[in-house]
Amino acid sequence: MKIECIRTHHIRCHLKTPFGFSQWFYDQRNVLLVQIIGEGGIEGWGECYGPADVVQACVEKFYAPRLLGQTFQGTDSLWQLMWRASLDFARGGVMMSAMSGIDMALWDLNGKRLGVSVSELMGGRQRDRVPCYATGMYYLDQPEEQLLETLVAEGVQYAEQGYRAMKIKVGKNLPFDEAFCRALREALPATTLMADSNHAFDFPEAVRIGRVLDELSYHWFEEPLSPEHEHLYARLQEKLDLAIAGGECEQTRFGYQRFIAAGGVHLIQPDLAYCGGPSEALKIRAIASANGVNCIPHVWGTQLNLAAATHFLATAYPEPGRAEEKNLLLEYDRTENPLRDELYSVCVDVNGGDAYVPEAPGLGVTVNPDLLPEFVVTQTECRI
Ligand code: MG
């Protein structure tokens, strides 16, 4: 069962309505898909988070030549092979993003080989559906007064669609952030709300917004501070009651070990298309569990990453366990993204605020080969 061919597909779409958050505005979306074909024509797909054209070179030029001809059954041994090949100059960053997409494709491939879903491969699903939270309410090019109304109306619409939880962006400016947090809470008194600054705040600003979130019973405060200032997380936590989430910029068990050890974080958010792939996410989750920290994937991108995160959460165990377990929520990005919503012939079924765990072998989602050329920027192929 050897790997015979590795293809990459850099796909892109332009957005009808650009949207922004604390760091920049998006007017297009770019993703790198990895397709691995094994002996007998069996294939697996994965995706990478990060600059698609750069990550594409990492897959094509570096990892693919080392993987061709290897047996594809051993996801852990292939991960180690890649890790050792690039450790000396790439312990993370875009090389790890490339490894993540390859690893995801290998899980998909092995699920298909064995005729089981990725959640069965991960140790068995504990639930058939996973509650989602809507990620949305990004900034639009509108005056602030109008923008605030637009964003609150968007949140109300999610609630009407069945979402019992949702996450907003903060980090625009403090007066707007505070007004937005208050207005949304007023409109949705019973909804589980979270706020994400994408590391926009310095310490006093994070304390100020964190106290507003506390007062309004928000559920978590995500990336309140820079990932480079991890020592400040513990200090912030001493001043706040709500849970602090973070870590979507982090990678590998080693990175998360350091992040958790610094203290102050209750919820880590590895992205399966970036942290090292499903193989590494399972190890990261074990480290989190051992430290009494919960682990919920960051999800951005297309159906492959969404499916991987859904399988991961189907197998999740909240810390601590109890009879009426707390929900570990799946992030469901609701911003405009044709790569997620138009490219696939089989998608993760999300309905009424819940994602139904795919049952088909592998990840259980299918790229539509007829539509792929519409979105492709560059493709590469390496074969034996
Ligand atoms: Mg985030």
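**Entry 1: strand S6**

I began with strand S6 (residues 192-196). I found 4 of its 5 residues buried, so S6 is largely enclosed by the rest of the structure. Buried means under 20% relative accessible area, exposed means over 50%, and partly exposed is in between (1.4 Å probe, protein chains only). Strands here are DSSP runs of E with at least two residues, helices are runs of H or I with at least four, and both are numbered from the N terminus.

I noted what I was working with: this is a predicted model, where local features need pLDDT of at least 70, side-chain atom pairs count only at pLDDT 80 or more, and totals for chains, interfaces and linings use all residues. Residues are numbered from 1 along each chain as its sequence is written, and side-chain values use heavy atoms, with hydrogens and water left out.

Which strand is joined to S6 by 5 bridges? I found strand S5 (residues 165-169), running parallel to S6. Two strands count as paired if DSSP finds at least two bridges between them. Across this pair, Met 166 faces Leu 193 in S6.

**Entry 2: an open sheet**

Next I looked up an open sheet. Its 4 strands come in the order S3-S2-S1-S16, with antiparallel pairing. Strand S3 (43-48) and strand S16 (376-383) are at the edges with a single partner strand each, so one side of each has no neighbour in the sheet. From one strand to the next, the twist averages 20°. Axes are lines fitted to C-alpha atoms, for helices over the stretch in contact; angles run from 0 to 180 degrees between N-to-C directions.

I then followed strand S2 (residues 25-38). S2 pairs with S3 in the antiparallel sense over 6 bridges. Leu 33 is opposite Glu 47 in S3. Helix H11 (residues 303-314) lies across S2 and S3, at about 95° to S3.

**Entry 3: the nonpolar cores**

I met Leu 33 again in the largest nonpolar core, which has 100 residues; Leu 33 is among those with the most contacts inside it, as are Phe 180, Tyr 218 and Leu 330. Such a core is a set of buried Ala, Val, Leu, Ile, Met, Phe, Trp, Tyr and Cys residues joined through side-chain atoms within 4.5 Å. Which helix gives this core its largest share? I found H11, with 8 residues. Domain 1 and domain 2 both give residues to this core, so it lies between them.

I also checked Leu 330. Leaving out residues up to four places away in sequence, Leu 330 touches several residues, including Val 130, Tyr 133, Leu 306 and Leu 313. Contact means heavy atoms within 4.5 Å. A second, separate core has 31 residues, among them Val 34, Ile 42, Tyr 63 and Cys 382.

**Entry 4: two domains**

I wrote down the division of the chain: domain 1 (3-116 + 369-383) and domain 2 (120-356). The bounds come from an automatic or database domain assignment. The two centres, taken over C-alpha atoms, are 24 Å apart. The contact takes 45 residues from domain 1 and 48 residues from domain 2.

How much area do the domains bury between them? I found about 3600 Å², with 67% of it on carbon and sulfur atoms. Buried area is the accessible area (1.4 Å probe) that two parts lose on being put together, summed over both. Arg 29, Tyr 49 and Trp 107 supply 20% of the area that domain 1 buries against domain 2, more than any other three residues.

Most residues other than glycine have a negative phi, and most peptide bonds are trans. I looked for exceptions.

- Met 137 has a positive phi, near 55°. It is in the loop between strand S4 (129-135) and helix H5 (144-160). Met 137 is buried, at 0% relative accessible area.
- Glu 223 also has a positive phi, about 40°. Its loop runs between strand S7 (220-222) and helix H8 (231-239). Is Glu 223 buried or exposed? At 1% relative accessibility, Glu 223 counts as buried.
- The peptide bond from Glu 319 to Pro 320 is cis, with omega near -10°. Pro 320 is in the loop between H11 and strand S11 (330-333).

I stayed in the loop between H11 and S11 for Lys 326. Lys 326 is partly exposed, at 29% relative accessibility. Not counting residues up to four places away in sequence, Lys 326 touches Asn 294, Pro 318, Glu 319 and Pro 320.

Last, I checked Ala 290 in helix H10 (residues 277-290). Ala 290 is exposed, at 68% relative accessible area.
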